[in-house]
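Please read these points with the model open beside you.

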Amino acid sequence: MIRAAPLSELTGIRHGFFSRQGGVSDGLYASLNCGYGSKDSPVSVAENRSRAMAQLALPAEALCTAYQCHGTDVLTVDETWHPNDSPQADGMVTNRAGIALGILTADCAPVLFADDTAGVIGAAHAGWKGALTGILDATLDAMHGLGAHDDNIRASIGPCIGSASYEVSNAFRDQFEATDPENGDFFRPTERSGHYFFDLAGYVARRLQHWGIKGVDVVGRDTHQEETLFFSYRRACQRDEPDYGRCLSAIVLA
């Protein structure tokens, strides 16, 4: 489990970016696969999620994860739910102690937020599409609705696909530059004509900084390259594998 310094320094906040190690799943899912959306055994996934929560000194039932769809919907969580009843959303916020907000990823960027002064936390699933269309903004708006203030919010961008691994097309880059020409800063040419490496974590960090979030941390781990530590959707596709596991990132008010 990886902890980010800006969040670790806050009072009454526990969090973790979990690797794929330390679980009971095998094969493609070895070993801490926490995603029910995979074709892994639900029994194994449940045990993995329980083990992850134990590292945060919580019962398995404290964990809330949503059905992520690369959108901009954000839930204000007042009570936990059963995984079978997971609502559709890509962001969650709460001011209730003991509820762990969880994000599942396999290359997308998990972003954890906290304002320990207001007692408000948030979590967002920021793939390229959600980041571009506003999931970060929507999550911050929802935190504001619970009393959080930008000056006090700290955020950490967890393990995601790194810029050296994320090759995209010219059309992909055009979508970003159409919204802001400065977004070209996050693309550098590859050896293939009309293709670029995209810095997802850097883009997410700038979006947060434009909001005035001062304490933005980037874990800086590449899920695609670090196979022993992280699941990767792109790596699975490149190998023509039938499925892939999901890593968990979670945050809770103690």
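**Notes on the salt bridges**

1. Asp 78 has a relative accessibility of 43% and counts as partly exposed. This is a predicted model.

2. The partner of Asp 78 is Arg 96: the two form a salt bridge, with 3.7 Å between the closest N and O atoms. Asp 78 sits in the loop between strand S3 (74–76) and S4, while Arg 96 sits in the loop between strand S4 (91–94) and strand S5 (100–105). The pair is 18 residues apart and links distant parts of the chain. Arg 96 is also partly exposed, at 40% relative accessibility.

3. Arg 206 forms a salt bridge with Glu 182, where the closest N and O atoms are 4.0 Å apart. Arg 206 belongs to helix H6 (residues 200–210), and Glu 182 to the loop between helix H5 (170–179) and strand S10 (187–189). These two residues are 24 residues apart, again linking distant parts of the chain.

4. Arg 206 also meets Asp 185 in a salt bridge, at 3.0 Å from N to O. Asp 185 lies in the loop between H5 and S10 and Arg 206 in helix H6, so this pair ties together parts 21 residues apart in sequence. Through shared partners, Glu 182, Asp 185 and Arg 206 are joined into one network of salt bridges.

5. How exposed are the members of this network? Arg 206 is partly exposed, with a relative accessible area of 22%. Glu 182 is partly exposed as well, at 44%. Asp 185, at 54% relative accessibility, counts as exposed, because the cut-off for exposed is over 50%.

6. For the overall count, the structure holds 10 salt bridges.

Methods: Residues are numbered from 1 along each chain as its sequence is written. This is a predicted model: local features need pLDDT of at least 70, side-chain atom pairs count only at pLDDT 80 or more; totals for chains, interfaces and linings use all residues. Side-chain values use heavy atoms; hydrogens and water are left out. A salt bridge is a side-chain nitrogen of Lys or Arg within 4 Å of a carboxyl oxygen of Asp or Glu. Helices (H or I, at least four residues) and strands (E, at least two) are DSSP runs, numbered from the N terminus. Buried means under 20% relative accessible area, exposed over 50%, partly exposed in between (1.4 Å probe, protein chains only).
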